[in-house]
Amino acid sequence: MKRNVLLILVICVVGIFWDDIAMRLARVEIAVRDSAQLHQRIEALEEKAARIKLLEAQLEQAQANFRVISDVTAKIDLTAKQLELLRDPLLQRVFATQGIKVFRTDTAPHSIEDVTIDGSELYKKSNWGRQSYISLGTGNRHNTRRSLMKFNSLTPHMMKGKKILAAVLYMMQVNSENLMESAGALNETVNVYAVRKGWTQGKSIDGDALPGYVSWISARAGQEDWASAGCSKENADFDPALLATSGPAVTFGAGQWVPVIFTPEGIGELQSLLEKDTAVNNGFLLKVKDESKGNAMLSFNASEWKDEKLRPYLEIYYVDDPVGDAAVEK
């Protein structure tokens, strides 16, 4: 009897032991299965997080690129990078999704008017229109040069119903041993202003400018002189508000593009010029920021440069703005 009871107790203990083992194994199996599912969920979430992080990084880069275009304070690094940034595929996709469009001025013959005016005693009455290059700065004989530029494809009303976001003037530094920038022009700044008087490009001849042609002395020789020689008088010859600037970005990079970025005020002026029916396009005055130092002359390809693709041009970034159109109508 005792033996039977003992046997029964042993069987019960063994049964409980195996039940416990079975329960433990079941828990382990469940834990393993749950762990695998948990790992799968974690991996899926990590993958989604990585995609979100990548998208955020791409968006931040696109926003940074656009700030480079529109923020003049970031212009120092633009010389080598600007063209690459503006044509970056991601940035182009951002432009497309945001409805941003680009207008580029024509470079065909007679679509651009530009001319150098020279303040030296020998050339202050001369006209240098229809040249293959323009110059600005101060030479080693302290002869100051400035340039005037006008894009005839910028016409009144063309931006009516549109909002300009950014604008960039591109000029190619002359790739010529005789016309490369002088040593004093290293890191020089090119500034752009709106011209208030009408002027005529003309065509270079020996001696004084023909009637109607621009020079350092006259906006149109024999018809109207500048209020101050060299298109120098603020609010009479030119508007003192800074339209655009290259920043200290001009280097010994002959044959390279120099981007000149429009300021917020310049964008506003450009908007006003191109949305009104009565606005007059008198073009731009280009001059170096510091004309007091000598041996600081710059030269850029002009409207008569033989290769149209290397002539100056202006790009305007804008969006359609029907609300603004209604405001203009009022």
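**Exercise 1.** Classify F262 and F284 as buried or exposed, then work out their ring geometry.

Solution. Start with burial: F262 and F284 are both buried (under 20% relative accessible area; exposed is over 50%, partly exposed in between, with a 1.4 Å probe and protein chains only). A quick word on ground rules: this is a predicted model, where local features need pLDDT of at least 70, side-chain atom pairs count only at pLDDT 80 or more, and totals for chains, interfaces and linings use all residues. Residues are numbered from 1 along each chain as its sequence is written, and side-chain values use heavy atoms, leaving out hydrogens and water.

Next, the rings. Phe, Tyr and Trp rings (for Trp, the six-membered one) pair if their centres lie within 6.5 Å; planes under 30 degrees apart are stacked, over 60 edge-to-face, and the rest tilted. With centres 6.1 Å apart and planes at 75°, F262 and F284 are therefore edge-to-face.

**Exercise 2.** How many aromatic pairs does a search of the whole structure find, and what is the geometry of W257 and Y313?

Solution. The search turns up six aromatic pairs. One of them, W257 with Y313, is edge-to-face, at 5.3 Å centre to centre and 75° between the planes. Both residues, W257 and Y313, are buried. Now widen the view: Y170, W257 and Y313 make up one aromatic cluster.

**Exercise 3.** Which ring does the charged end of R104 sit over?

Solution. Apply the test: NZ of Lys or CZ of Arg within 6 Å of the ring centre and within 35 degrees of the ring normal. R104 has its charged end over the ring of Y313, 3.6 Å from the centre. Likewise, K150 lies over the face of W199, 5.2 Å from the ring centre.
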